[in-house]
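I opened my notebook beside the model and went through it one stop at a time. Here is what I looked up.

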Amino acid sequence: TSWRDWLLTRTVLLGRLNSTFAPLVNWGLAQGWVRGLMQSVLGVHRERQVLHYQRETFVRWWGQWTKGRKPATGKKVALFAGCLVNYQATDVGKAAVQVLEKNNVHVVLPDQSCCGMPSFDIGDTAAMVAAAERTVASLKPWVDQGYDVVIPTPSCSLMIKREYANLLEGEGAQRVASQTYDICEYLMKLKREGNLATDFSRNPGRVAYQVPCHLRDQNIGFKSKELMECAGAKVDVIEKCSGHDGSWSAKTEFFPLSMKIAQKAVRQVEQVPADLVASDCPLAGLQLDQAGAATHVGGALARHPIQIVRDAYGLPSDPQASSVGQR
């Protein structure tokens, strides 16, 4: 493992550091001279847009959100947010909590750590095993108490559902995997059971929905599409890779190719007179934004389906900028 790959896969370390100094970090990432230095020293392409780091992480927000709130009395869920949601795409986590609680689901937030997908991408087996051990140790006690594990990002859910059982011995990983759901998969499960609230007050309109590769790989169908349709949306499915692939597209030698791959999805978006662009993966959404899909829909940034559903319920959103960097 090269030192560059080692650094880019330390998402918790980077998240803690960059969130602590979020205003300065975000400003720096938007400066051409800083990006030029990063390209020369780190091998991170100067044009690779990145998600904003948030001063208030999702875990910190959760601590404030739960103060004085009466827990829901219905189903029980342990939410695994993942590094991306905790440090950058925090509104995705907030929307997941809001929608779950709207549906009378009692939500807890176990100890959070990296799922290990960044290490999986570069074949760092020791780091993958360590991540799996930490995550299973955090989630299994909740599963044993009857909680389902719900995850808003498909890379994390894919790791926990499938890869952990190949990395760890014993039944713990398999037990956690058997009770793990993607957020929209879980909400459609509630619908099948007759427990999904259907009092949507805002129609999302027409949505060009890119299905992330790590969600398609779970073979669960198009649950996010179905959920947005429950909210009244007309959804056009885009089954093309965004070309982001974790830290791969950030690397100087691969960024141009990642943009070329993204154009396949962008061309399909351009064929849809959409009101919104959506993807379950915040990084895929960022890639579509940078590659030009957002421009096609009036500059609106790509959103996670759970954010679209939150808005359709008429629940208050948490407006925030999505990305920084240079075109």
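**Entry 1: Around S279**

I started at S279 and left aside its neighbours within four places in sequence; the remaining contacts are Y209, Q210, P212, A284, G285, R303, H304 and P305. I note that this is a predicted model. S279 sits in strand β8. Is S279 buried or exposed? S279 has a relative accessible area of 2%, so it is buried. The cut-off for buried is under 20%. I also looked up the distance to C230. From C-alpha to C-alpha, S279 and C230 are 17 Å apart in space, and 49 residues separate them in sequence.

**Entry 2**

Y209 was on my contact list for S279, and I looked at its partners next. Which residue of β7 stands opposite Y209? I found V237 there. In β8, Y209 stands opposite A278.

Then I looked at the strands themselves. Strand β6 covers residues 206-210. β6 and β7 run parallel and are joined by 5 bridges. β6 and β8 (residues 276-279) also run parallel, with 4 bridges between them. I reminded myself that strands of a sheet pair through backbone hydrogen bonds. Why do I call β6 largely enclosed by the rest of the structure? Because 4 of its 5 residues are buried.

**Entry 3: An open sheet**

Next I traced a sheet of 4 strands. In what order do the strands come? I read β3-β2-β4-β5, in an open sheet with parallel pairing. The edge strands are β3 (106-108) and β5 (180-182), and each of them pairs on one side only. On average, neighbouring strands of this sheet are turned by 35 degrees against each other, direction ignored.

I zoomed in on one pair. β4 (residues 148-151) and β5 pair in the parallel sense over 3 bridges. V149 has T180 in β5 as its bridge partner. Helix α12 (residues 183-192) packs on the sheet and touches β2 (76-79), β4 and β5. The direction of α12 makes about 100 degrees with that of β5.

**Entry 4: Salt bridges**

How many salt bridges does the structure hold? I have 21 in my notes. I looked up a few.

D144 and K140 meet through their side chains in a salt bridge, 2.9 Å from N to O. D144 and K140 are 4 residues apart in helix α9 (residues 125-144), so about one helical turn separates them. D144 is partly exposed, because its relative accessibility is 42%.

E171 also forms a salt bridge with K140, with the closest N and O atoms 3.7 Å apart. This pair links distant parts of the chain, 31 residues apart: K140 is in helix α9, and E171 is in the loop between α10 (154-167) and α11 (172-178). E171 has a relative accessible area of 46%, so I wrote it down as partly exposed.

I then checked D311 and R310. Their side chains meet in a salt bridge at 2.9 Å, N to O. Are D311 and R310 buried or exposed? Both are buried.

**Entry 5: Two positive phi values**

I looked for positive phi in residues other than glycine. N104 has a phi near 60 degrees. Where is N104? It is in the loop between α7 (90-102) and β3. N104 counts as partly exposed because its relative accessibility is 36%.

D245 was my second case. Its phi is near 55 degrees, again a positive value in a residue other than glycine. D245 lies in the loop between β7 (234-238) and α15 (255-270). With a relative accessible area of 41%, D245 is partly exposed.

**Entry 6: A nonpolar patch**

My last stop was on the surface. Which residues form the nonpolar patch? I listed L17, F21, L24, W27 and W33. Together they have about 620 Å² of accessible area. I picked out W27, which is in helix α3 (residues 22-29). The relative accessible area of W27 is 46%, so W27 is partly exposed. The cut-off for exposed is over 50%.

Conventions: Residues are numbered from 1 along each chain as its sequence is written. This is a predicted model: local features need pLDDT of at least 70, side-chain atom pairs count only at pLDDT 80 or more; totals for chains, interfaces and linings use all residues. Side-chain values use heavy atoms; hydrogens and water are left out. Two strands pair if DSSP finds at least two bridges between them. Axes are lines fitted to C-alpha atoms, for helices over the stretch in contact, and angles run from 0 to 180 degrees between N-to-C directions. Contact means heavy atoms within 4.5 Å. Buried means under 20% relative accessible area, exposed over 50%, partly exposed in between (1.4 Å probe, protein chains only). Patches are made of residues with over 30% relative accessible area and no salt bridge: like charges are joined within 9 Å, nonpolar side chains (Val, Leu, Ile, Met, Phe, Trp, Tyr) within 5 Å. Accessible areas come from the Shrake-Rupley method with a 1.4 Å probe; for residues, only the protein chains shown count as cover. A salt bridge is a side-chain nitrogen of Lys or Arg within 4 Å of a carboxyl oxygen of Asp or Glu.
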